[in-house]
Amino acid sequence: MTPKTKQDEIKAKYRKAGETSAIASQAKDKLLERGEKLERISQRTAELQDGAENFASMAHELAKQMEKRKWWNI
């Protein structure tokens with residue numbers, strides 16, 4: 001007896017799951033869910049990037065202010 005390949009396991013799973021339309025519907029739902037997750041990740045990434053840019057700008061301004069001060073005024 002030969003071991004099942006991943007492809008054989010997937011085929012067996014879908015044969016047990018029912019009609020092809022039900023399988024296609026499940027796949028579509030999972031695809032939409034993944035798209036929503038990716039969109040949320042993309043939005044969060046943009047927010048984090050904006051925050052990082054703001055932080056870098058403030059740090060740069062603070063460094064410029066500190067350069068203008070003399071050590072005895074600190």
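This is a predicted model: local features need pLDDT of at least 70, side-chain atom pairs count only at pLDDT 80 or more; totals for chains, interfaces and linings use all residues.
**View 1. Overview of the salt bridges.** The structure contains three salt bridges. Side chains of opposite charge can pair when their charged atoms come close. The pairs are Glu33 with Lys37, Glu47 with Arg44, and Glu61 with Lys64.

**View 2. The salt bridge between Glu33 and Lys37.** The distance from N to O in this pair is 3.4 Å. Glu33 and Lys37 belong to helix H2, which covers residues 20-68. Because the two are four residues apart in this helix, about one helical turn separates them. Glu33 is partly exposed, at 42% relative accessible area. Lys37 is also partly exposed, with a relative accessibility of 41%.

**View 3. The salt bridge between Glu47 and Arg44.** Here the side chains meet at 3.5 Å, N to O. Both residues are part of helix H2, where a spacing of three residues amounts to about one turn.

**View 4. The salt bridge between Glu61 and Lys64.** The side chains of this pair meet at 3.6 Å, N to O. Glu61 and Lys64 are found in helix H2, three residues apart, or about one turn of the helix. The relative accessible area of Glu61 is 37%, which makes this residue partly exposed. For Lys64 the value is 35%, again partly exposed.

Notes
Residues are numbered from 1 along each chain as its sequence is written. Side-chain values use heavy atoms; hydrogens and water are left out. A salt bridge is a side-chain nitrogen of Lys or Arg within 4 Å of a carboxyl oxygen of Asp or Glu. Buried means under 20% relative accessible area, exposed over 50%, partly exposed in between (1.4 Å probe, protein chains only).
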